[in-house]
Amino acid sequence: YTGDYALGRTITYSCAFGFVSISTSSVYIVDTYPEVIVDGGGSQPGTMRGYFTSTTEFSADHVLPGSCQEVYTLTGTFTDANTFSGSLTAEFSGAWCWDCANQAWLVTGVR
């Protein structure tokens, strides 16, 4: 499953006066089974690491600690060698998160 996957839509979100900014329209997946590495293209969610939970299902996350901790998680299932569907979530906690609210997006990736 290694490759660049275009998402069905661009995921964008900004909060904390712009200090938190998410913008990604593709992910690059490296499937060194059982590990999966997902690169979100330079902005948040950044590089996520995780594992395949079966031969077609995966979960990866990235935690940015700090006064506003950001936790990004991508879970998905490959429906064939070139397509996955799943969800991307962003969770925020801490005093400096100001107006950040937890987010969840359904995603589809096509290679």
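The model is a predicted one, in which local features need pLDDT of at least 70, side-chain atom pairs count only at pLDDT 80 or more, and totals for chains, interfaces and linings use all residues. Residues are numbered from 1 along each chain as its sequence is written, and side-chain values use heavy atoms, with hydrogens and water left out. Strands here are DSSP runs (E, at least two residues), numbered from the N terminus.

**The loop between strand 1 and strand 2**

- F17 counts as exposed because its relative accessibility is 68%; exposed means over 50% relative accessible area, buried under 20%, and partly exposed in between (1.4 Å probe, protein chains only).
- F19 lies in this loop too, between strand 1 (3–15) and strand 2 (20–30), and F19 counts as exposed at 68% relative accessibility.
- A16 also has its place in the loop between strand 1 and strand 2, but A16 counts as buried, at 1% relative accessibility.
- Most residues other than glycine have a negative phi.
- A16 has a positive phi, near 55°, and the phi of F17 is likewise positive, near 55°.

**The cavity**

- A search of the whole structure turns up 1 cavity of 30 Å³ or more (a set of points on a 1 Å grid over the protein atoms alone, where a 1.4 Å probe fits but cannot get out).
- The largest cavity holds about 40 Å³ of space, a volume being the space filled by probe spheres set on the points.
- Its lining is made up of L7, T24, V27, P45, M48, L74, L88 and V107, where lining residues have an atom within 4 Å of a point.
- Of these lining residues, 7 are nonpolar, 1 is polar and none is charged.

**F58 in strand 5**

- F58 belongs to strand 5 (residues 57–64) and is buried, with a relative accessible area of 2%.
- F58 and G76 are 18 residues apart in sequence, yet 5.5 Å apart in space, C-alpha to C-alpha.

Note on methods
Helices (H or I, at least four residues) and strands (E, at least two) are DSSP runs, numbered from the N terminus. On a 1 Å grid over the protein atoms alone, a cavity is a set of points where a 1.4 Å probe fits but cannot get out, and a pocket is an open set with protein on both sides within 12 Å along at least five of seven lines; lining residues have an atom within 4 Å of a point. Ala, Val, Leu, Ile, Met, Phe, Trp, Tyr, Cys and Pro count as nonpolar, Asp, Glu, Lys and Arg as charged, and the others, Gly among them, as polar.
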